[in-house]
Amino acid sequence: MGRSMKGLKAVDSATTNKVKLNYSSKDTNFLQYISHEMSIAEGDDQLSAPSKEQLDQEKQLLLAFKPVMQKFLHDHVDLQVSALYALQVHCNNNGFPKGKCYDISDLCMLLRYFVNFYDMEIIEEEAFLAWKEDITQEFPGKGKALFQVNQWLTWLETAEEEESDEEAD
């Protein structure tokens, strides 16, 4: 597996400068870094779901970068949508790493990241729904990505509508 978590307690400025969430010129450095740390090489076919240890490491890496991601993305829905497209392209380039997609601890990679980004308050509901509704052929893998996360996005949309109805009462 990747390097130890000791070095991740403080994200140094050199690493921070390398984090690029805005998708341009096929730049998914942040996601490539986490994949590298998890020993998931670009282009590998992930035939089995990750172990609990790998899932824990993945979540710790996301938590380590949470302050950086929030700083860059807070109140910038357009950048949040770009981050979702970067994640989509990254998953597409890696054959959409597997999971069973029915248990939170065993979700496919794309859905795990969507849930984590939402739970960690990195990506707002508005950005997820804008990504869902945006129809573009510019970024490969949208159909498969939607298939993997559609049920969760439907839940998110429904939860947002219910919240709006409660506020109106």
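A residue is called buried when its relative accessible area is under 20%, exposed when that area is over 50%, and partly exposed in between, as computed with a 1.4 Å probe on protein chains only. The structure described here is a predicted model, in which local features need a pLDDT of at least 70 and side-chain atom pairs count only at pLDDT 80 or more, while totals for chains, interfaces and linings use all residues. Residues are numbered from 1 along each chain as its sequence is written, and side-chain values use heavy atoms, with hydrogens and water left out.

The chain contains 7 helices and 0 strands, where helices (H or I, at least four residues) and strands (E, at least two) are DSSP runs numbered from the N terminus. Read from the N terminus on, the order of elements is α-α-α-α-α-α-α. Of the 169 residues of the chain, 42% count as buried. With contact taken to mean heavy atoms within 4.5 Å, residues 24 or more positions apart account for 73% of the contacts in the chain that have a separation of 6 or more.

Helix H5 (residues 109-119) has 9 of its 11 residues buried, so this helix is largely enclosed by the rest of the structure. The buried residues of H5 are Met109, Leu110, Leu111, Arg112, Tyr113, Phe114, Val115, Asn116 and Phe117. After H5 comes Glu121, a residue whose phi is positive, near 60°.

Two packed helices are described by the angle between their axes and the distance between the axes. Here the axes are lines fitted to C-alpha atoms, for helices over the stretch in contact, and the angles run from 0 to 180 degrees between N-to-C directions. Angles under 35 degrees count as roughly parallel, those over 145 as roughly antiparallel, those from 65 to 115 as roughly perpendicular, and the rest as oblique. A crossing is left-handed if the near helix is turned anticlockwise from the far one by less than a right angle, and right-handed if clockwise.

The axes of H4 and H5 come within 10 Å and cross at roughly 160°, and the two helices are therefore roughly antiparallel to each other. The crossing in which H4 passes H5 is right-handed. In this pairing, Leu84, Leu87, Gln88, His90 and Cys91 of H4 meet Met109, Leu110, Tyr113, Phe114 and Phe117 of H5. By class, the contact of H4 with H5 has 8 nonpolar, 2 polar and no charged residues, where Ala, Val, Leu, Ile, Met, Phe, Trp, Tyr, Cys and Pro count as nonpolar, Asp, Glu, Lys and Arg as charged, and the others, Gly among them, as polar.

Helix H4 (residues 77-93) also packs against helix H6 (residues 125-133), with axes that come within 9 Å and cross at roughly 55°. H4 and H6 are therefore oblique to each other, and their crossing is right-handed. On the side of H4 the contact is made by Val77, Gln80, Val81, Leu84, Tyr85 and Gln88, and on the side of H6 by Glu126, Ala127, Phe128, Ala130 and Trp131. By class, this contact of H4 with H6 has 8 nonpolar, 2 polar and 1 charged residues.

A salt bridge is defined as a side-chain nitrogen of Lys or Arg within 4 Å of a carboxyl oxygen of Asp or Glu, and by this rule the count comes to 3 salt bridges. One of them joins the side chains of Glu58 and Arg112, at 2.7 Å from N to O. Glu58 lies in helix H3 and Arg112 in helix H5, so the pair ties together parts that are 54 residues apart in sequence. Both Glu58 and Arg112 are buried, and the relative accessible area of Arg112 is 7%. When its neighbours within four places in sequence are left aside, Arg112 is in contact with Pro50, Leu55, Glu58, Lys98 and Leu107.

A further salt bridge links the side chains of Lys132 and Glu157, at 3.2 Å from N to O. Lys132 lies in helix H6 and Glu157 in helix H7 (residues 142-168), so this pair ties together parts that are 25 residues apart in sequence. Lys132 counts as buried at 17% relative accessibility, whereas Glu157 counts as partly exposed at 27%. The side chains of Lys52 and Asp56 also meet in a salt bridge, at 3.4 Å from N to O. Lys52 and Asp56 both lie in helix H3 (residues 52-73), 4 residues apart, which is about one turn of the helix. Lys52 counts as exposed at 61% relative accessibility, whereas Asp56 is partly exposed, with a relative accessible area of 39%.
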